[in-house]
Amino acid sequence: MASMLIADSGSTKTEWCLLDGNKKNRIITQGISPYFLKSLEIEAILKQELLPKLKNKIPEEIFYYGTGCSSPSNIKMVKQALISVFPFA
């Protein structure tokens with residue numbers, strides 16, 4: 001079974017869940033809103049707050065549900081940050 005990272009993001013916090021086999025790891029980071037953050041700022045949050053808590057478990061799949069992702073330009077911005085941090089997911 002592939003490891004999967006699921007995100008539910010709002011402006012104030014992002015709740016992440018890493019599913020790895022039968023194990024679940026829940027993580028909270030600050031909110032990610034493409035209305036207020038640029039791609040490099042989102043990338044910094046992922047690197048500083050999320051990666052250390054994943055404990056070297058790199059997801060194979062990412063499902064991101066977040067505020068602002070109804071706009072194609074915002075989707076592109078978030079996707080760019082995710083791909084930069086998780087290039088093989």
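Me: In which strand is the place of Ile-6?
Reply: This is a predicted model, where local features need pLDDT of at least 70, side-chain atom pairs count only at pLDDT 80 or more, and totals for chains, interfaces and linings use all residues. Helices (H or I, at least four residues) and strands (E, at least two) are DSSP runs, numbered from the N terminus. Ile-6 falls within residues 4-9, which make up strand β1.

Me: How does Ile-6 count in terms of accessibility?
Reply: Buried means under 20% relative accessible area, exposed over 50%, and partly exposed in between (1.4 Å probe, protein chains only). Ile-6 has 28% relative accessibility, so Ile-6 counts as partly exposed.

Me: What separation do the C-alpha atoms of Ile-6 and Leu-19 have?
Reply: Leaving aside neighbours within four places in sequence, Ile-6 has Leu-19 among its contacts (heavy atoms within 4.5 Å). Along the chain these two residues are 13 apart, and their C-alpha atoms are separated by 8.1 Å.

Me: In what order do the four strands form the open sheet?
Reply: Strands pair if DSSP finds at least two bridges between them. The pairing here is mixed, and β1 and β4 pair in the parallel sense over six bridges. β3 (23-30) and β4 each pair on one side only, as the edge strands. The order is β3-β2-β1-β4.

Me: Which residue in β4 stands opposite Met-4?
Reply: β4 pairs with β1 in the parallel sense. Opposite Met-4, the residue in β4 is Glu-61.

Me: How many residues apart in sequence are the parts that Trp-16 and Tyr-64 tie together?
Reply: Rings of Phe, Tyr and Trp (its six-membered ring) pair if their centres lie within 6.5 Å; planes under 30 degrees apart count as stacked, over 60 as edge-to-face and the rest as tilted. By this rule there is one aromatic pair. Trp-16 and Tyr-64 form this tilted pair, 6.3 Å centre to centre with 55 degrees between the planes. Trp-16 lies in strand β2 (residues 13-20) and Tyr-64 in strand β4 (residues 61-66), so the parts tied together are apart in sequence by 48 residues.

Me: Is Glu-43 buried or exposed?
Reply: Glu-43 is found in helix α1 (residues 39-54). Apart from neighbours within four places in sequence, Glu-43 is in contact with Ala-81, Ser-84 and Val-85. Its relative accessible area is 14%, so Glu-43 is buried.

Key:
Residues numbered from 1 in each chain as written. Heavy atoms only, no water.
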